[in-house]
Amino acid sequence: MIYFGRRVSFSMGHRLHNHALSDAENRAIYGKCNNPNGHGHQYTLEVLVAGEVDPKTGFSANLPLMDEILRREIVERFDHYDFNADFPEYAGVISSGENLARIFWDLIAPHLPLARLRVEETEKNAFEYFGENR
Ligand code: NI
């Protein structure tokens, strides 16, 4: 089994906020990340897909398909949008890197043999998710 990685990058706004908590508690937990009008990141998303090497091509993954899925499910959906303002389906979701990693996984996993997904929120913050079935 070989693991093939591919990355995409997109800009997205968000605000860390838990509606179940008071404004003071939110400020205490999230600090500047709780600023009412939000802030943005240049996110990098990397997926690793598992596959056998095709002896005919030497490849383990369908790269055009990977690019199409990443473009359709992630970049077109989220690039230049605000996660907490623009997506009613995610209303109330705390947009931490941890939760975003699981949301991105759920969007991509139906289409690709995902083995690992990594979300880089900043140069210093990264989150990795391997799915629930490990
Ligand atoms: Ni942030």
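1. Start with the order of the elements. From the N terminus, the protein runs β-α-β-α-β-α-α-β-β. That comes to four helices and five strands. Keep in mind that this is a predicted model.

2. Now the sheet. The five strands form an open sheet in the order E3-E1-E2-E4-E5, and the pairing is mixed. Two strands sit at the edges: E3 and E5 (126-129). Each of these edge strands pairs on one side only. Helix H2 (residues 63-78) packs on this sheet and touches E1, E2 and E3. The direction of H2 makes about 15 degrees with that of E1. Helix H4 (residues 97-108) packs on the sheet as well. H4 touches E1, E2, E4 (114-120) and E5. The direction of H4 makes about 140 degrees with that of E4.

3. Look at strand E1 and its neighbours. As background, strands of a sheet pair through backbone hydrogen bonds, either parallel or antiparallel. E1 (residues 2-14) and E2 (residues 39-51) run antiparallel, joined by 13 bridges. Find His14 in the model: its bridge partner in E2 is His39. Phe10 stands opposite Tyr43, again in E2.

4. How many bridges pair E1 with E3, and in which sense? There are two bridges, and the sense is parallel. E3 covers residues 81-82. Met12 has Tyr81 of E3 as its bridge partner.

5. Next, contacts along the chain. The pairing of His14 with His39 is a case to look at on the model.

6. Overall dimensions and burial. The C-alpha trace spans about 60 × 30 × 30 Å along its principal axes. The protein has 134 residues, and 39% of them count as buried. To count as buried, a residue must have under 20% relative accessible area.

7. Last, the surface and the charges. The protein exposes about 8,000 Å². Carbon and sulfur atoms supply 51% of that area. What charges does the protein carry, and how far apart are their mean positions? There are 14 positive and 20 negative charges, and their mean positions are 3 Å apart.

How values were computed. Residues are numbered from 1 along each chain as its sequence is written. This is a predicted model: local features need pLDDT of at least 70, side-chain atom pairs count only at pLDDT 80 or more; totals for chains, interfaces and linings use all residues. Side-chain values use heavy atoms; hydrogens and water are left out. Buried means under 20% relative accessible area, exposed over 50%, partly exposed in between (1.4 Å probe, protein chains only). Accessible areas come from the Shrake-Rupley method with a 1.4 Å probe; for residues, only the protein chains shown count as cover. Lys and Arg count as positive and Asp and Glu as negative; His and the chain ends are not counted. The place of a charge is taken as NZ of Lys, CZ of Arg, CG of Asp or CD of Glu. Two strands pair if DSSP finds at least two bridges between them. Contact means heavy atoms within 4.5 Å. Axes are lines fitted to C-alpha atoms, for helices over the stretch in contact, and angles run from 0 to 180 degrees between N-to-C directions.
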